[in-house]
Amino acid sequence: MNEDAFWQFIEDCRPTEPDPDAELLAVTVIERLVQSPLSQVIGFAEQLSWALYRLDRKEYGHNLSDDAFLYTRAAVVAAGRTVFESVLQDPAAFTPYATELIWAEPLLYTPDRAYRRITGEEWDRDTRYSYESCSNTEGWAD
């Protein structure tokens, strides 16, 4: 799954009704992933990790706990490519997510849950980029 396909996948799965915690998005993502080849699940995990990693920067998360920062970054991704790219261009666009604690924690677990449903096994996975808060050392450098 390339970056364009990832963002289209997110867009196609986003609900039309309010989904403040991305619970409906997560359910739809899982349902779509389990209907896909396992390579799509792996590709989704890689692209999700890359997007979260790109948002792992000091200017966004300096006043948040590690968990709050991760869940807030997930909310930016859940909001779609336009929001994601606007945040990358202007860190002030991240502020409403941080100050209002808009979280999308369920999105983080979608690849693992899809993998388990497809294979019947837990996924002990590593992606190319870690999405854990403060793992982007370049983003936190002074």
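## A friendly tour of one predicted fold

A search of the whole structure turns up 0 disulfides, a disulfide being a pair of cysteine sulfur atoms within 2.5 Å. This is a predicted model, in which local features need pLDDT of at least 70, side-chain atom pairs count only at pLDDT 80 or more, and totals for chains, interfaces and linings use all residues. Residues are numbered from 1 along each chain as its sequence is written, and side-chain values use heavy atoms, with hydrogens and water left out.

**Cysteines**

- A disulfide is a covalent bond between the sulfur atoms of two cysteines.
- Cys 13 counts as buried because its relative accessibility is 2%; buried means under 20% relative accessible area, exposed over 50%, and partly exposed in between, using a 1.4 Å probe and protein chains only.
- Cys 134, at 35% relative accessibility, counts as partly exposed.

- Helix 2 covers residues 23-34, which makes 12 residues; helices (H or I, at least four residues) and strands (E, at least two) are DSSP runs, numbered from the N terminus.
- From its first C-alpha to its last, helix 2 reaches 17 Å, close to the expected 16 Å, where the expected span is 1.5 Å times one less than the number of residues.
- Buried in helix 2 are Leu 25, Ala 26, Val 29, Ile 30, Leu 33 and Val 34.
- Viewed down the axis, the buried residues of helix 2 fall within an arc of 155°, so they line one face of the helix; the arc is that of the directions from the helix axis to the C-beta atoms.
- An α-helix has 3.6 residues a turn, so residues three or four places apart point the same way.
- The cover over these buried residues includes helix 1 (3-13), helix 3 (38-54), helix 5 (66-78), helix 8 (105-108) and helix 9.

**Ser 49**

- Ser 49 sits in helix 3 and is buried, with a relative accessible area of 0%.
- Leaving out residues up to four places away in sequence, Ser 49 touches Arg 125, Thr 127, Tyr 129 and Tyr 131, where contact means heavy atoms within 4.5 Å.
- The side chains of Ser 49 and Thr 127 make a polar contact at 3.0 Å. A polar contact is a pair of N or O atoms within 3.5 Å; within protein, one must be able to donate a hydrogen and the other to accept it, and residues adjacent in sequence count only if both atoms are side-chain atoms.
- Ser 49 and Ser 130 are 81 residues apart along the chain, yet their C-alpha atoms are separated by 6.2 Å.
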